Amino acid sequence: MKTTVQEFEDKYVATLEGELDTAAAVEVENALQPLHNSNGRDIIIDCTGLEYIASSGLRILISILKSAKASGSKVIMRNMNDDIKTVFKLTGFINLFEFE
(Lines give C-alpha, C1' and ligand atoms only; values in the text may rest on other atoms or scores of the structure.)
Protein backbone atom coordinates (compact mmCIF):
# COMPACT_ATOMS: atom_id res chain seq x y z
CA MET A 1 0.00 0.00 0.00
CA LYS A 2 1.37 3.39 -1.01
CA THR A 3 0.01 6.55 0.62
CA THR A 4 1.09 10.11 -0.09
CA VAL A 5 -0.16 13.41 1.28
CA GLN A 6 0.50 16.73 -0.44
CA GLU A 7 -0.28 20.03 1.22
CA PHE A 8 -1.33 23.05 -0.80
CA GLU A 9 -2.40 26.52 0.35
CA ASP A 10 -6.10 25.74 0.26
CA LYS A 11 -6.29 21.92 0.44
CA TYR A 12 -4.69 18.57 1.14
CA VAL A 13 -4.51 15.84 -1.49
CA ALA A 14 -4.02 12.27 -0.28
CA THR A 15 -3.36 9.52 -2.81
CA LEU A 16 -4.11 5.88 -1.99
CA GLU A 17 -2.62 3.10 -4.12
CA GLY A 18 -2.97 -0.64 -3.55
CA GLU A 19 -5.05 -2.58 -1.03
CA LEU A 20 -6.16 -0.81 2.14
CA ASP A 21 -6.60 -3.96 4.17
CA THR A 22 -6.15 -4.64 7.88
CA ALA A 23 -2.42 -5.29 7.46
CA ALA A 24 -1.87 -1.89 5.82
CA ALA A 25 -4.23 0.09 8.08
CA VAL A 26 -1.72 1.19 10.74
CA GLU A 27 0.77 2.43 8.13
CA VAL A 28 -1.96 4.26 6.20
CA GLU A 29 -3.41 5.79 9.36
CA ASN A 30 0.02 7.17 10.29
CA ALA A 31 0.58 8.54 6.78
CA LEU A 32 -2.83 10.27 6.80
CA GLN A 33 -2.40 11.74 10.30
CA PRO A 34 -1.78 15.31 8.97
CA LEU A 35 -5.33 15.30 7.55
CA HIS A 36 -6.74 15.37 11.09
CA ASN A 37 -5.42 18.92 11.41
CA SER A 38 -6.85 20.35 8.20
CA ASN A 39 -7.64 23.73 9.79
CA GLY A 40 -10.43 24.54 7.37
CA ARG A 41 -8.65 23.28 4.27
CA ASP A 42 -10.59 20.80 2.18
CA ILE A 43 -9.26 17.26 1.79
CA ILE A 44 -9.24 15.37 -1.48
CA ILE A 45 -8.65 11.64 -1.30
CA ASP A 46 -7.59 10.34 -4.70
CA CYS A 47 -8.55 6.68 -5.06
CA THR A 48 -7.34 6.18 -8.63
CA GLY A 49 -4.97 3.39 -7.57
CA LEU A 50 -7.02 2.02 -4.67
CA GLU A 51 -7.90 -1.60 -5.45
CA TYR A 52 -9.53 -2.76 -2.20
CA ILE A 53 -10.73 -1.31 1.10
CA ALA A 54 -11.45 -3.25 4.30
CA SER A 55 -13.50 -2.08 7.28
CA SER A 56 -10.30 -0.84 8.94
CA GLY A 57 -9.77 1.46 5.94
CA LEU A 58 -13.33 2.74 6.18
CA ARG A 59 -12.74 3.49 9.87
CA ILE A 60 -9.69 5.61 8.96
CA LEU A 61 -11.70 7.58 6.39
CA ILE A 62 -14.62 8.22 8.75
CA SER A 63 -12.19 9.43 11.41
CA ILE A 64 -10.70 11.90 8.92
CA LEU A 65 -14.20 13.02 7.94
CA LYS A 66 -15.15 13.71 11.58
CA SER A 67 -11.99 15.75 12.16
CA ALA A 68 -12.49 17.66 8.92
CA LYS A 69 -16.10 18.56 9.66
CA ALA A 70 -15.12 19.77 13.14
CA SER A 71 -12.72 22.26 11.54
CA GLY A 72 -15.08 23.32 8.74
CA SER A 73 -13.42 21.26 6.00
CA LYS A 74 -14.91 18.95 3.37
CA VAL A 75 -13.62 15.52 2.40
CA ILE A 76 -13.95 14.77 -1.30
CA MET A 77 -13.38 11.27 -2.65
CA ARG A 78 -11.97 11.31 -6.19
CA ASN A 79 -11.62 8.68 -8.93
CA MET A 80 -13.10 5.75 -7.02
CA ASN A 81 -13.50 2.51 -8.97
CA ASP A 82 -16.84 0.69 -9.11
CA ASP A 83 -15.86 -2.00 -6.58
CA ILE A 84 -14.85 0.55 -3.93
CA LYS A 85 -17.93 2.64 -4.69
CA THR A 86 -20.09 -0.47 -4.12
CA VAL A 87 -18.53 -0.88 -0.66
CA PHE A 88 -19.39 2.75 0.08
CA LYS A 89 -22.97 2.16 -1.08
CA LEU A 90 -23.42 -1.01 0.98
CA THR A 91 -22.08 0.64 4.14
CA GLY A 92 -23.99 3.91 3.70
CA PHE A 93 -20.74 5.86 3.41
CA ILE A 94 -21.93 7.05 0.00
CA ASN A 95 -24.19 9.49 1.88
CA LEU A 96 -21.41 10.85 4.11
CA PHE A 97 -18.72 11.85 1.63
CA GLU A 98 -18.64 14.05 -1.43
CA PHE A 99 -17.49 12.49 -4.70
CA GLU A 100 -15.78 13.70 -7.88
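**Reading a core and its sheet**

Me: Leaving aside its neighbours within four places in sequence, which residues is Phe88 in contact with?

Reply: This is a predicted model, so take each contact as computed. Once those neighbours are left out, Phe88 touches Leu58, Leu61, Met77, Met80, Phe93, Ile94, Phe97 and Phe99.

Me: How should I read a list like that, and which residues have the most contacts inside the largest nonpolar core?

Reply: The general idea first: in soluble globular proteins, nonpolar side chains tend to be buried together. Here, the largest nonpolar core has 28 residues, and the ones with the most contacts inside it are Leu32, Ile43, Ile45, Val75, Met77, Phe88 and Phe97.

Me: Which elements give two or more residues to this core?

Reply: Those are β2, α1 (22–31), β3 (42–53), α2 (55–70), β4 (75–78) and α3 (82–91). The largest share is that of α2, with seven residues.

Me: On to the strands. In which sense do β3 and β4 pair, parallel or antiparallel?

Reply: Parallel, over four bridges. To find the pair by eye, look for Ile43, which stands opposite Val75 in β4. Going from β3 to β4, the chain passes through α2, and this β-α-β crossover is right-handed.

Me: Leaving aside its neighbours within four places in sequence, what is Thr15 in contact with?

Reply: Lys2, Thr3, Thr4 and Asp46.

Me: How far apart are the C-alpha atoms of Thr15 and Leu90?

Reply: Those two C-alpha atoms are separated by 23 Å, with the residues 75 apart along the chain.

Terms used
Residues numbered from 1 in each chain as written. Predicted model: local features only at pLDDT ≥ 70, side-chain atom pairs only at ≥ 80, totals over all residues. Heavy atoms only, no water. Contact = heavy atoms within 4.5 Å. Core = buried A, V, L, I, M, F, W, Y, C linked by side-chain atoms within 4.5 Å. Buried < 20%, exposed > 50% of the residue type's maximum accessible area, 1.4 Å probe, protein only. Pairing = 2+ DSSP bridges. Right-handed = clockwise from strand over helix to strand, strands pointing away.
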